[in-house]
Amino acid sequence: MLSYRHAFHAGNFADVLKHVVLIEILAYLAQKEKPFCVIDTHAGGGKYALDSDFALKTREFDTGISRLWERDDLPQSVANYVELQKRFNQNGQFKTYAGSPLLIKQMLRAKDRLCLFELHSNEFEILKTNMKLDKRVQLDKADGLKHSLGLLPPVERRGLVLIDPSYEMKSDYSDVVKTLIQMHKRFATGTYALWYPVIERGRNETLENAFKKSGISNIQLFELGINADNSGRGMNASGMIIINPPWNLAATMETVLPWLANILGENGAGNFRVETLTTEK
Ligand SMILES: C[S@@+](CC[C@H](N)C(=O)[O-])C[C@H]1O[C@@H](n2cnc3c(N)ncnc32)[C@H](O)[C@@H]1O
């Protein structure tokens, strides 16, 4: 039984990191003429009203996008992300937060493709409405971890798989590693982006060790925290584990993450990590 609704969390500090990294990877893929394919295994609803009861209940967007919206000193990759979000908000108003499916769609060219999976019935209906008809986009109401395997390797032989689970079950932490190992066997040159939360650091250490032992080379980790570990405030940090990242992503994140940690950190507790889990062969 799935109970997670991303509408409570849209635009929070975790979405900022996830979507900044996502846009960087897509911009890199779009530098080459050849088409690419993106698979989003946990799509969510596509976009979220920031004045909805869901969003206003916790105002999580105040830990993230709200703090960036009006600034004129954003690092380039954060500016690109805010600029994309502003396309969904006319006349400078700040009412809509675009999730991964709409951000990716904005960055597709005519020849690129997007495959979206969403398992939650309500969320899937919202997603269908938000994506509208587009021959480049395929939607499946199915388990994205299981069913995306069958799409690999994509015919384009270039692309990104975004894996953004809600981690409602502890087994999610081990399932994502198992799935990524299988995916990588089928499509070793693809880029993979896995989002993770930091709630109990021990789980993250287990996750990272599993990747170190996975036999997959060229894995980097980018993490942004707004509170210290064990602050007692729930999710203190979150990160992205990237297999086959663009060559310049680590350098970009080395500049962007300290800036975000400073702006988004609670009472000076912002923190970040840029780490290589496994090196390039
Ligand atoms: C964190 S949200 C996705 C947010 C979205 N990727 C974004 O960045 O805007 C996770 C979504 O995955 C859905 N979900 C959970 N388990 C799933 C599964 N096995 N396959 C597909 N979707 C799943 C949930 O219903 C939820 O909408």
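Q: Helices (H or I, at least four residues) and strands (E, at least two) are DSSP runs, numbered from the N terminus; where, on that basis, is the place of K132?
A: In this predicted model, K132 sits in the loop that runs between α5 (121–131) and β5 (137–140).

Q: Why is K132 called exposed?
A: A residue counts as exposed if 12 or fewer other C-beta atoms lie within 10 Å of its own, and K132 has 9 other C-beta atoms within 10 Å, so K132 is exposed.

Q: Why does N218 count as partly exposed?
A: The label buried requires 20 or more other C-beta atoms within 10 Å, and exposed requires 12 or fewer; N218, with 17 C-beta neighbours inside 10 Å, falls in between and therefore counts as partly exposed. This residue belongs to the loop between α8 (201–212) and β8 (219–225), and N218 too has a positive phi, of about 65°, although it is not a glycine.

Q: Why is E83 described as exposed?
A: With the limit for exposed set at 12 or fewer, the 11 other C-beta atoms within 10 Å of E83 make it exposed. E83 is part of helix α3 (residues 76–86).

Q: What makes α1 and α9 roughly antiparallel?
A: Helix α1 (residues 13–29) packs against helix α9 (residues 249–264) at an angle of about 160°, their axes being 12 Å apart. Angles over 145 degrees count as roughly antiparallel, and that makes α1 roughly antiparallel to α9. The contact of these two helices comprises seven nonpolar, one polar and one charged residues, and α1 passes α9 in a right-handed crossing.

Q: Why are α1 and α4 called roughly parallel?
A: The angle between α1 and helix α4 (residues 100–107) is about 25°, with axes 10 Å apart; since angles under 35 degrees count as roughly parallel, the two helices are therefore roughly parallel to each other. Here H19, L22, I23 and L26 in α1 meet S100, L103, I104 and M107 in α4, a contact with six nonpolar, two polar and no charged residues.

Q: How do you know which kind of peptide bond, cis or trans, joins L152 to P153?
A: Most peptide bonds are trans. The bond from L152 to P153, however, has omega near -5° and is cis, and P153 lies in the loop between α6 (144–147) and β6 (159–163).

How values were computed: Residues are numbered from 1 along each chain as its sequence is written. This is a predicted model: local features need pLDDT of at least 70, side-chain atom pairs count only at pLDDT 80 or more; totals for chains, interfaces and linings use all residues. Axes are lines fitted to C-alpha atoms, for helices over the stretch in contact, and angles run from 0 to 180 degrees between N-to-C directions. Angles under 35 degrees count as roughly parallel, over 145 as roughly antiparallel, 65 to 115 as roughly perpendicular and the rest as oblique. A crossing is left-handed if the near helix is turned anticlockwise from the far one by less than a right angle, and right-handed if clockwise. Ala, Val, Leu, Ile, Met, Phe, Trp, Tyr, Cys and Pro count as nonpolar, Asp, Glu, Lys and Arg as charged, and the others, Gly among them, as polar. Two residues are in contact if their C-beta atoms, placed from the backbone, lie within 7 Å.
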